[in-house]
Amino acid sequence: MAKHYTTYKIGRFPQLTREVFTSENGLDSDRITAVCYDKKGTLFAGTESGLFRFDGKKFSPVKGYPENAPVSVIFFDKDNRLFTGTGKELLIFDGKKISSLSFSSDVADVKQSEDGAIWILTKTVLYKKFDGEDGYDITIGVPGKGSCLIPYKNGRVYVGTSD
């Protein structure tokens with residue numbers, strides 16, 4: 001049986017590569033628990049005991065951020081404010097000061113919808129909060145354990161759970 005080969009010319013494409021970062025690159029641990037780019041393109045990495053910024057060569061701790069705070073979630077809103085989940089707290093860092101929100105279970109994910117609302121998912125509850133307002137517009141119990149969320153058009157929000 002004759003073999004037939006077909007070749008397609010598709011033009012240029014980016015080379016896929018990988019680079020592994022460890023404590024040798026300035027991290028306090030080889031176990032990274034969260035990563036995210038800010039709106040300026042700077043890479044941030046969270047570990048079980050800190051938050052780090054990458055300058056293109058090495059990581060260094062984020063100035064003004066609590067030392068030894070475990071990081072499970074990193075998110076930047078449209079105003080480039082930094083949100084980090086650290087256990088049952090959500091820390092909000094504007095580059096100068098930190099405020100926090102406390103919850104009854106661990107923070108699992110944070111996102112912002114088109115209307116500017118911040119959606120906070122803990123392992124047990126989904127919250128919707130508008131900046132500068134007290135309280136929450138929506139508080140919904142989550143079946144199973146909340147793990148991730150994504151706001152969609154027309155006010156829809158999808159939540160991923162386990163169990």
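1. Start with the sheet built from β9, β10, β11 and β12. The four strands lie in the order β9-β10-β11-β12, and the sheet is open. The pairing is antiparallel. Keep in mind that this is a predicted model.

2. Now look at the edges of this sheet. β9 covers residues 107-112 and β12 covers 138-141. Each has a single partner strand, so one side of each is left without a neighbour in the sheet. From one strand to the next, the twist averages 15 degrees.

3. Next, follow one pairing in detail. Strand β10 spans residues 118-122. Five bridges join β10 to β9, and the two run antiparallel. Which residue of β10 is the bridge partner of Asp-109? The partner is Leu-121. Find both residues in the structure above.

4. What holds such strands side by side? Strands of a sheet pair through backbone hydrogen bonds, and the pairing may be parallel or antiparallel.

5. Move on to the sheet of β1, β2, β3 and β4. This sheet is open, with four strands in the order β1-β2-β3-β4. Here the pairing is antiparallel. The edge strands are β1, residues 32-37, and β4, residues 59-61. Each of these edge strands pairs on one side only. The twist averages 30 degrees from one strand to the next.

6. Finally, check β3 against β4. Strand β3 takes in residues 50-54. How many bridges link β3 and β4? There are three, in the antiparallel sense. For a residue pair to locate, take Arg-53: Ser-60 in β4 stands opposite.

Terms used: Residues are numbered from 1 along each chain as its sequence is written. This is a predicted model: local features need pLDDT of at least 70, side-chain atom pairs count only at pLDDT 80 or more; totals for chains, interfaces and linings use all residues. Side-chain values use heavy atoms; hydrogens and water are left out. Two strands pair if DSSP finds at least two bridges between them. Axes are lines fitted to C-alpha atoms, for helices over the stretch in contact, and angles run from 0 to 180 degrees between N-to-C directions.
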